[in-house]
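Here is a friendly briefing to read alongside the model. Please keep the viewer open as you go through the points.

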Amino acid sequence: MIQILIDVIWLSPLSNSIEDIASTMAPSMIRSVHLVNVSSITAVLPCVTMSLYCAGKAARDMYHAVLAEEQKKKPASSSQPYTPISVLNYAPGPMDTNMQATIREAEAADPTLGTVYTDMKTEGKLVDCEV
């Protein structure tokens with residue numbers, strides 16, 4: 001289970017850079033790339049029992065922040081094909097997901113975290129993922 005979380009949350013988005021992916025396509029196919037990372041408060045706020053998830057979100061945030069900085073340094077003209085990449089780190093707020101439901105219902109989860117998420121659900125403060 002832990003290895004799956006590491007692979008899915010942390011390593012898989014880092015295994016190939018967007019530039020590597022873009023370089024496999026014909027330059028005429030790509031004018032620009034818009035990369036959106038769906039972030040979370042868990043990238044900066046430690047949550048008991050969610051260490052791998054928090055670490056994964058923090059790693060993704062930093063990866064995308066560095067990628068954005070690298071894009072600022074790309075030359076305007078070069079002999080190499082260049083595809084501009086826009087990077088957006090988007091944190092939509094607490095989402096009403098299956099993971100949220102599991103945390104609210106799990107006895108093994110941090111009781112404080114479960115209560116916070118249950119209250120958010122009851123008060124209608126979770127973002128609807130189906131919209």
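Helices (H or I, at least four residues) and strands (E, at least two) are DSSP runs, numbered from the N terminus. This is a predicted model, in which local features need pLDDT of at least 70 and side-chain atom pairs count only at pLDDT 80 or more, while totals for chains, interfaces and linings use all residues. Residues are numbered from 1 along each chain as its sequence is written, and side-chain values use heavy atoms, with hydrogens and water left out. The protein has 5 helices and 4 strands, and from the N terminus on they run α-α-β-α-β-β-α-α-β.

**Overall figures**

- Of the 131 residues in the protein, 29% are buried; buried means under 20% relative accessible area, exposed over 50%, and partly exposed in between (1.4 Å probe, protein chains only).
- The accessible surface comes to about 9000 Å², and carbon and sulfur atoms account for 60% of it. Accessible areas come from the Shrake-Rupley method with a 1.4 Å probe, and for residues only the protein chains shown count as cover.
- Take the contacts (heavy atoms within 4.5 Å) between residues at least 6 apart in sequence: 64% of them join residues at least 24 apart.

**Asn37 and its surroundings**

- Asn37 sits in strand 1, which covers residues 33-38. Its relative accessible area is 0%, so Asn37 counts as buried.
- The side chain of Asn37 makes polar contacts with two side chains: that of Arg60 at 2.9 Å and that of Asp61 at 3.0 Å. A polar contact here is a pair of N or O atoms within 3.5 Å; within protein, one must be able to donate a hydrogen and the other to accept it, and residues adjacent in sequence count only if both atoms are side-chain atoms.
- Not counting residues up to four places away in sequence, Asn37 touches Arg60, Asp61, His64, Leu88, Asn89 and Tyr90.

**A nonpolar patch on the surface**

- Val36, Val38, Leu88 and Tyr90 make up a nonpolar surface patch with about 360 Å² of accessible area together. Strand 1 and strand 2 (85-90) are the elements that give two or more residues to this nonpolar patch.
- Patches are made of residues with over 30% relative accessible area and no salt bridge; like charges are joined within 9 Å, and nonpolar side chains (Val, Leu, Ile, Met, Phe, Trp, Tyr) within 5 Å.
- Leu88 belongs to strand 2 and is partly exposed, because its relative accessible area is 46%.

**Salt bridges**

- The structure holds 4 salt bridges, each being a side-chain nitrogen of Lys or Arg within 4 Å of a carboxyl oxygen of Asp or Glu.
- Asp96 forms a salt bridge with Arg104, the closest N and O atoms being 3.6 Å apart, and another with Lys121 at 2.4 Å, N to O.
- Asp96 is partly exposed at 26% relative accessible area, and Lys121 is partly exposed at 40%.
- Glu69 pairs with Lys72 in a salt bridge whose closest N and O atoms are 2.9 Å apart. These two residues are 3 residues apart in helix 3, so about one helical turn separates Glu69 and Lys72.
- Glu69 is partly exposed at 39% relative accessibility, whereas Lys72 is exposed at 62%.

**Cysteines**

- With a disulfide taken as a pair of cysteine sulfur atoms within 2.5 Å, the count comes to 0 disulfides. Cys47 is in no disulfide, and the nearest cysteine sulfur, that of Cys54, is 4.4 Å away.
- Cys47 is buried, with a relative accessible area of 12%, while Cys129 is partly exposed at 33%.

- Thr49 has a positive phi of about 75° although it is not a glycine. Thr49 lies in the loop between strand 1 and helix 3 (51-72) and is exposed, with 54% relative accessibility.
- Gln100 is part of helix 4, residues 98-105, and is buried because its relative accessible area is 5%. Leaving aside neighbours within four places in sequence, Gln100 is in contact with Pro94, Met95, Tyr117 and Leu126.
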